[in-house]
Amino acid sequence: IEVIDNHVLGCGGIPVGRITEVFSDEGCGKSSFGYSCLAQAQKMGALALLIETEVATDQDRPKLFGVDPDDLLVLQPDTLEQCLSQLESIFEINREGPALVVWDSLAATPTKAEVEDGIAGKTAVAEVGRIMSRSLKILSEKLATSKVALLIINQVRSSIGGGFGGPDVVSPGGKAIKFYSSIRLQIMGGSAVKKAADHVGKDVTFMAWKNKFEPPFRKCRVRLNYHEGFDNDWATVQFAKTQDLLPANSRVTEKNAAKARKDLGWEA
């Protein structure tokens with residue numbers, strides 16, 4: 001998605017050797033964004049690897065975004081500790097790269113203690129946060145010397161107590177993931193796209209709360225078509241309108257999208 005690569009991220013895509021976190025409420029397109037990134041990695045000849053811990057992936061869904069399932073490596077670790085151990089191995093082995101690893105999702109990955117104790121077991125307070133804090137000290141150094149880009153998909157929770165404006169929205173995993181991530185993206189839901197009486201898509205907003213490559217807090221609107229994937233031309237034309245490069249009533253056409261790319265300096 002050009003407007004995300006060139007404006008929100010500003011560095012041309014998910015950075016290699018760094019951690020990128022993307023989080024949102026349910027149904028905003030986190031997994032869809034991950035599949036889109038994996039598809040682009042495959043097109044560039046990079047190794048594409050999906051760590052799937054939500055156990056909810058439809059095998060046909062990634063194809064919608066251009067992912068070649070025959071060329072996609074999928075890992076399904078049982079615990080958080082096993083997942084982190086596998087990541088360490090990937091970073092140590094892949095030093096020639098390039099590679100993209102998408103972890104879907106951190107919030108859905110149980111700890112070893114949770115698996116062993118079961119549903120009725122007692123979990124230590126902030127256990128995930130302590131594990132992530134201890135592990136990311138090591139993993140971030142190994143990632144920096146590898147040719148791997150790590151995209152961590154996360155969910156959001158409402159913190160107990162909240163603040164004066166209502167409950168604060170937080171992402172699981174403690175403060176370590178926020179500290180070690182070079183980029184933190186939030187996807188915010190927007191208006192539904194309808195065709196007759198059916199919902200065929202959704203307009204969402206991507207915003208960078210943290211960015212070590214460009215100024216933070218940049219945002220853009222992107223259209224996610226449920227049966228076609230992300231509409232790159234729509235996002236490009238809409239962004240060009242906000243920059244006064246196209247009239248506000250401009251329609252989404254290949255010609256307008258091409259003009260927007262030229263005026264924005266995004267032409268290859």
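## Around Phe206 and the cores

Setting aside residues up to four places away in sequence, Phe206 touches Ile4, Val8, Phe33, Leu185, Gln186, Ile187, Arg218, Lys219, Cys220, Val222 and Phe230. Keep in mind that this is a predicted model. Phe206 also turns up in the largest nonpolar core, a set of 39 residues in which Ile4, Phe33, Phe206 and Val222 touch the most other members. The biggest contributor to this core is helix H2 (residues 30–43), which puts in 6 residues.

## H4 against H6

Two packed helices are described by the angle between their axes and the distance between the axes. For helix H4 (residues 80–93) and helix H6 (residues 127–144), that's about 5 degrees and 10 Å. An angle under 35 degrees counts as roughly parallel, so H4 is roughly parallel to H6.

On the H4 side, the contact uses Leu80, Glu81, Leu84, Leu87, Glu88, Phe91 and Glu92. They meet Val128, Ile131, Met132, Ser135, Ile138, Leu139, Lys142 and Leu143 in H6. Sorted by class, this contact has 10 nonpolar, 1 polar and 4 charged residues.

## H8 and its two partners

Helix H8 (residues 232–242) packs with helix H9 (residues 254–264), their axes coming within 9 Å and crossing at roughly 55 degrees. That angle makes H8 oblique to H9, and the crossing is left-handed. From H8, the residues involved are Asn232, Asp233, Thr236, Val237, Phe239 and Ala240, and they meet Glu254, Asn256, Ala257, Ala260, Arg261 and Leu264 in H9. The class count for this pair is 6 nonpolar, 3 polar and 3 charged residues.

H8 also packs with helix H1 (residues 2–9), at an angle of about 40 degrees and with the axes 8 Å apart. H1 is oblique to H8 as a result. Glu2, Val3 and His7 of H1 make the contact with Asn232, Ala235, Thr236 and Phe239 of H8. By class, that's 3 nonpolar, 3 polar and 1 charged.

## The loop between S4 and H5

Most residues other than glycine have a negative phi, and most peptide bonds are trans. The bond from Asp104 to Ser105, though, is cis, with omega near 5 degrees. Ser105 sits in the loop between S4 and H5.

Ala107 lies in the loop between strand S4 (99–104) and helix H5 (112–117). Ala107 is partly exposed, its relative accessible area being 23%. Beyond neighbours within four places in sequence, Ala107 is in contact with Asn154, Gln155, Arg157 and Pro172. Ala107 and Leu80 are 27 residues apart in sequence, with a C-alpha to C-alpha distance of 9.7 Å.

## Positive phi values

Ala196 is in the loop between strand S9 (192–195) and strand S10 (198–211), and its phi is near 60 degrees, a positive value in a residue other than glycine. Is Ala196 buried or exposed? Ala196 has a relative accessible area of 78%, over the 50% cut-off, so it's exposed.

Phe217 has a positive phi as well, about 70 degrees, although it is not a glycine. You'll find Phe217 in the loop between S10 and strand S11 (219–225). Phe217 is partly exposed, with a relative accessible area of 48%.

Note on methods: Residues are numbered from 1 along each chain as its sequence is written. This is a predicted model: local features need pLDDT of at least 70, side-chain atom pairs count only at pLDDT 80 or more; totals for chains, interfaces and linings use all residues. Side-chain values use heavy atoms; hydrogens and water are left out. Helices (H or I, at least four residues) and strands (E, at least two) are DSSP runs, numbered from the N terminus. Buried means under 20% relative accessible area, exposed over 50%, partly exposed in between (1.4 Å probe, protein chains only). Contact means heavy atoms within 4.5 Å. Axes are lines fitted to C-alpha atoms, for helices over the stretch in contact, and angles run from 0 to 180 degrees between N-to-C directions. Angles under 35 degrees count as roughly parallel, over 145 as roughly antiparallel, 65 to 115 as roughly perpendicular and the rest as oblique. A crossing is left-handed if the near helix is turned anticlockwise from the far one by less than a right angle, and right-handed if clockwise. Ala, Val, Leu, Ile, Met, Phe, Trp, Tyr, Cys and Pro count as nonpolar, Asp, Glu, Lys and Arg as charged, and the others, Gly among them, as polar. A nonpolar core is a set of buried Ala, Val, Leu, Ile, Met, Phe, Trp, Tyr and Cys residues joined through side-chain atoms within 4.5 Å.
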